[in-house]
Amino acid sequence: MLVRRIARPMLAAMFVVGGLSQLRRPAAKVATAAPLLDAVGSVVPLPADQATLVRANGAAMLAGGALLATGRMPRVASTLLAGSLVPTTIAGHPFWSETDPARREQQKVQFLKNVGLLGGLLLAAVDTEGKPGLSYRARLMGQGVQRSLRTTRREARHLSHAAAQEARLRTAQAQNALS
């Protein structure tokens, strides 16, 4: 569909540019990311080199953005970008900790912009392009298996009944032959 071909690159552009920036100049983002990385690092073991983590986030943004823009694995790319956007937003726009009202408002606007982008990514992550989704196909397959099982049971009951009738018939024939 034409809308998808236009919308995906538009949504992906910010991630491609931001990812390249983080890969080229991670030091500019390390200071911003440090409080979040320290908080997460106290719960989950992380590499000590925070620049490497910023670069990894940049690589995820660049790869996800490129995949989304080109329409290759768009659901996977959108999910990857959504996962990358959450910590980026929390670390980059903590409006709740700002004391200056003007700066607080600016950070809140950027935070909400990223929340809007996250919403777009979530929509892209569940967009099946009109094709049945995996859960629908699995449910359909399960229904087919259940149908086959019911048919097999019905045929087995029919064969069992027919075998019982045949056995009664042979028994009656044997008794007639003996009399």
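These legends go with a set of close-up views of one predicted model.

The model is predicted, so local features need pLDDT of at least 70 and side-chain atom pairs count only at pLDDT 80 or more, while totals for chains, interfaces and linings use all residues. Residues are numbered from 1 along each chain as its sequence is written, and side-chain values use heavy atoms, with hydrogens and water left out.

View 1. The protein has six helices and zero strands, and the pattern along the sequence reads α-α-α-α-α-α. Its radius of gyration is 31 Å, well over the 16 Å that the globule rule gives for 179 residues, so the protein is more spread out than a compact globule. That radius is taken over C-alpha atoms, and the globule rule is 2.2 Å times the number of residues to the power 0.38. The C-alpha atoms fill a box of roughly 110 × 45 × 30 Å along the principal axes. As for the helices themselves, they are DSSP runs (H or I, at least four residues), strands are E runs of at least two, and the numbering starts at the N terminus.

View 2. Of the 179 residues, 23% are buried; buried means under 20% relative accessible area, exposed over 50%, and partly exposed in between (1.4 Å probe, protein chains only). The accessible surface comes to about 12,100 Å², and 65% of it belongs to carbon and sulfur atoms. Those areas come from the Shrake-Rupley method with a 1.4 Å probe, and for residues only the protein chains shown count as cover. Among contacts with a separation of 6 or more, 65% link residues 24 or more positions apart, a contact being heavy atoms within 4.5 Å. There are 23 positive and 9 negative side chains, and the centres of the two sets lie 11 Å apart. Here Lys and Arg count as positive and Asp and Glu as negative, with His and the chain ends not counted; each charge is placed at NZ of Lys, CZ of Arg, CG of Asp or CD of Glu.

View 3. Arginine 25 sits in the loop between helix H1 (2-24) and helix H2 (27-41), and at 48% relative accessibility it counts as partly exposed. Valine 54 belongs to helix H3 and is buried, with a relative accessible area of 6%. From valine 54 to proline 26 the C-alpha distance is 5.8 Å, at a sequence separation of 28 residues. Setting aside neighbours within four places, valine 54 touches Gln22, Pro26, Lys29, Val30 and Ala33.

View 4. H3 has 21 residues and reaches 30 Å from first C-alpha to last, close to the 30 Å expected at 1.5 Å a residue; the expected span is 1.5 Å times one less than the number of residues. Its buried residues include Leu53, Val54, Asn57, Met61 and Leu68, and the buried set packs against H1, H2, H4 and H5. Methionine 73 is found in the loop between helix H3 (50-70) and helix H4 (74-92). Phi of methionine 73 is near 45°, a positive value in a residue other than glycine. Most residues other than glycine have a negative phi.

View 5. The 19 residues of H4 should span 27 Å, and its end C-alpha atoms are 25 Å apart, which agrees. Buried residues of H4 include Pro74, Ser78, Leu81, Leu85 and Thr89, and their cover includes H1, H2, H3 and H5. Serine 78, in H4, counts as buried at 0% relative accessibility. Beyond its neighbours within four places, serine 78 contacts Leu68, Leu121, Ala124 and Ala125. Isoleucine 90 is also placed in H4, but is partly exposed, with a relative accessible area of 38%. With neighbours within four places again left out, isoleucine 90 is in contact with Leu36 and Trp96.

**View 6. Helix H5 and its buried residues.** Helix H5 (residues 101-126) has 26 residues and reaches 37 Å from its first C-alpha to its last, close to the 38 Å expected. Gln107, Phe111, Asn114, Leu117, Leu121, Ala124 and Ala125 are the buried residues of H5, and they pack against H1, H3 and H4. One of them, asparagine 114, lies 9.6 Å from isoleucine 90, C-alpha to C-alpha, and 24 residues away in sequence.
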